[in-house]
Amino acid sequence: MTTINYSSEDVKNLVSASLDKAYEKFREKKFEIVCVITEQVIKVDPYNANALQLLGLSYSALSRHSDAILTLQKCIDQNPQSAESLND
């Protein structure tokens with residue numbers, strides 16, 4: 001098995017591109033796709049407030065309210081400043 005070593009800049013670029021795609025799909029109301037993308041981002045960057053918030057909002061749109069609450073609470077716990085953006 002071949003191991004690929006990515007630089008931190010590569011990872012940042014991948015996360016950024018993934019979040020851009022997730023926001024695009026969110027605007028298109030393709031919430032299932034948003035969940036897949038943001039879950040992958042969170043595997044790489046578990047404290048990413050944007051991914052957690054978008055995932056929580058997507059869960060809510062899919063009527064997965066328990067998952068939405070848990071995810072948004074995790075977002076707030078890990079990134080207290082993100083609580084303000086949830087009120088917008």
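Predicted model: local features only at pLDDT ≥ 70, side-chain atom pairs only at ≥ 80, totals over all residues.
Residues are numbered from 1 along each chain as its sequence is written.

**Exercise 1.** Find how α1 is oriented relative to α2.

Solution. Step 1: helix α2 covers residues 31-44, and its axis comes within 9 Å of that of α1, crossing at roughly 160°. Step 2: angles over 145 degrees count as roughly antiparallel, under 35 as roughly parallel, 65 to 115 as roughly perpendicular and the rest as oblique. Step 3: α1 is therefore roughly antiparallel to α2.

**Exercise 2.** Find how α1 is oriented relative to α3.

Solution. Step 1: α1 (residues 8-27) and α3 (residues 49-61) pack at about 25°, with axes 11 Å apart. Step 2: this makes α1 roughly parallel to α3. Step 3: in the contact (heavy atoms within 4.5 Å), α1 contributes Leu19, Ala22, Tyr23 and Phe26, while α3 contributes Asn50, Ala51, Leu54, Leu57 and Ser58.

**Exercise 3.** Classify the ring pair of Phe26 and Phe31, then state whether each residue is buried or exposed, or in between.

Solution. Step 1: rings pair if their centres lie within 6.5 Å; planes under 30 degrees apart are stacked, over 60 edge-to-face and the rest tilted. Step 2: the centres of Phe26 and Phe31 are 5.3 Å apart and the planes stand at 75°, so the pair is edge-to-face. Step 3: buried means under 20% relative accessible area, exposed over 50%, and partly exposed in between (1.4 Å probe, protein chains only). Step 4: Phe26, at 25%, is partly exposed, whereas Phe31, at 15%, is buried.

Local features need pLDDT of at least 70, and side-chain atom pairs count only at pLDDT 80 or more.

Methods: Heavy atoms only, no water. Axes fitted to C-alpha atoms, helices over the stretch in contact; angles between N-to-C directions. Helix = DSSP H or I, 4+ residues; strand = E, 2+ residues; numbered from the N terminus. Phe/Tyr/Trp six-rings, centres within 6.5 Å; stacked < 30°, edge-to-face > 60°.
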